[in-house]
Amino acid sequence: MALNYMSGVAKKLDLNVDTTISAAYGNKGGYSLSVMTFDGYSMIVTLSVCDNNQQKPVDTNLRQILKDIKGITKITTKDYLVTIRFKPAFWAMNRFKFAINGIPQVVEALKMNGYINCAEDTLETSDITMVVLQGKIHFYTQERAQQELAIVDEEVNNVATARENYILGTLFAIVGTILGVIAIVIIGRLGYIAILGGVFMGFASLVAYKMGSGKLSKVGVAICIALMIVGVYLANRIDFALSLTQIFHNNGYSSVRMMDSFSVLPQMISEGYIESYVYYGQLAIQYLAALGGAIVPIRMLLGEEKSKSTSKILG
């Protein structure tokens, strides 16, 4: 979907499109630039510029650009790299209107402020090549781009040969899942919305697995989901068991322990002492919450693995 939108943006700006990183790139008004989406909606434009004295961009000038051009929400600099974020329009069919209209204005504003296109390291103004290094775009000379690409390719090959440590990853994921169980129970006991604990479990188990295994594959995702299924079930049952124990204590059965309530819970549900729709309804909500909490790290970590494997010269 992002690539479809990016193709439309590139066409209107007369730029090229790279399908591997869903980015538009090319030369606009004498400036090499790249255009990517930040969240599927906001557009990120990146350039490398310096003034005629090879000085870095001045914040005051950039703030004036931010003020003058409609749709720009943020401009940041890192040495000679300038990153400009455009907000999306509200209407879906024309959501990138601000970026499409604003990028040519940015180019003109940079010219008016005396900034010229340059390599981000040597500040050379000719033979500028855009190169993707582990998912990030850089502006180098052709020679430097080839050198950096060779270095990154060697690093990626070394990482690729490293095996995913399923055992250690699973152990870490178990710890993350246990922390999620504790979070669900504690949040529920405090009277807050217990689904927050489910979200935490989904997030914690995936991140913990990645920390232990060193990388995340579809096998790792499957392991974490299996652990979350068990963890959510246990957390929900413990939560109900604690409530049931409190009811026993309030009715004079102070000798009843939580584990006693935990063991008799299925029987009390089947005999109608506890409404099954309440128990299983909360269980379903917790599963949805855990899944929701897992989606973000799954996309983030798998995307991170994919981006690290993407290194190439654009064009």
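User: Where is Ile65 found?
Analyst: Ile65 is found in helix H2, residues 59–68. Helices here are DSSP runs of H or I with at least four residues, strands are E runs of at least two, and both are numbered from the N terminus. Keep in mind that this is a predicted model, where local features need pLDDT of at least 70, side-chain atom pairs count only at pLDDT 80 or more, and totals for chains, interfaces and linings use all residues. Residues are numbered from 1 along each chain as its sequence is written, and side-chain values use heavy atoms, with hydrogens and water left out.

User: Is Ile65 buried or exposed?
Analyst: Ile65 counts as buried, at 5% relative accessibility. Buried means under 20% relative accessible area, exposed means over 50%, and partly exposed is in between (1.4 Å probe, protein chains only).

User: What does Ile65 touch?
Analyst: Not counting residues up to four places away in sequence, Ile65 touches Ile72, Ile75, Ala109, Leu110 and Asn113. A contact means heavy atoms within 4.5 Å. Ile65 and Asn113 are 48 residues apart in sequence, and their C-alphas are 9.7 Å apart in space.

User: OK, on to H3. How many residues does H3 have?
Analyst: Helix H3 runs over residues 97–112, so it has 16 residues. From first C-alpha to last it reaches 23 Å, close to the 22 Å expected at 1.5 Å a residue. That expected span is 1.5 Å times one less than the number of residues.

User: Where does H3 bend?
Analyst: At Ile103, by about 30°, and the proline Pro104 follows within four residues. The bend at a residue is the angle between axes fitted to the seven residues ending there and the seven starting there.

User: Which residues of H3 are buried?
Analyst: Phe98, Ala99, Ile100, Gly102, Ile103, Val106, Val107, Ala109 and Leu110. Ala109 and Leu110 are also among the residues that Ile65 touches. Just after H3, Gly114 takes a positive phi of about 80°.

User: Switching topic. How many disulfides are there?
Analyst: Zero, from a search of the whole structure. Cys50 is in no disulfide, and the nearest cysteine sulfur, that of Cys118, is 3.7 Å away. Cys118 is in no disulfide either, with the sulfur of Cys50 as its nearest. The cut-off for a disulfide is a pair of cysteine sulfur atoms within 2.5 Å.

User: Are those two buried or exposed?
Analyst: Cys50 counts as buried at 0% relative accessibility. Cys118 is at 0% too and counts as buried.

User: Which non-glycine residues have a positive phi?
Analyst: Asp14 is one of them, with a phi of about 60°. Asp14 is found in the loop between helix H1 (2–13) and strand S1 (16–18), and is exposed, with a relative accessible area of 67%. Leu123 is another, with phi near 65°. Leu123 lies in the loop between S7 and strand S8 (128–133), and counts as buried at 10% relative accessibility.

User: And H8, where is its kink?
Analyst: At Val264, about 45°, shortly before the proline Pro266. Helix H8 covers residues 258–270, has 13 residues and reaches 19 Å from first C-alpha to last, close to the 18 Å expected. Its buried residues are Ser261, Phe262, Leu265, Met268 and Ile269.

User: What is Leu244 in contact with?
Analyst: Leaving aside neighbours within four places in sequence, Leu244 is in contact with Ser261, Val264, Leu265, Met268 and Ile274. Leu244 itself is in helix H7, residues 218–250, and counts as buried at 7% relative accessibility. Leu244 and Phe262 are 18 residues apart in sequence and 8.5 Å apart in space, C-alpha to C-alpha.

User: Last one: where is the confidence lowest and where is it highest?
Analyst: It is lowest in helix H4 (residues 142–161), at a mean of 75, and highest in strand S7 (residues 115–117), at 93. The protein averages a pLDDT of 83, and 88% of the residues score at least 70. pLDDT is the predictor's confidence in each residue, from 0 to 100.
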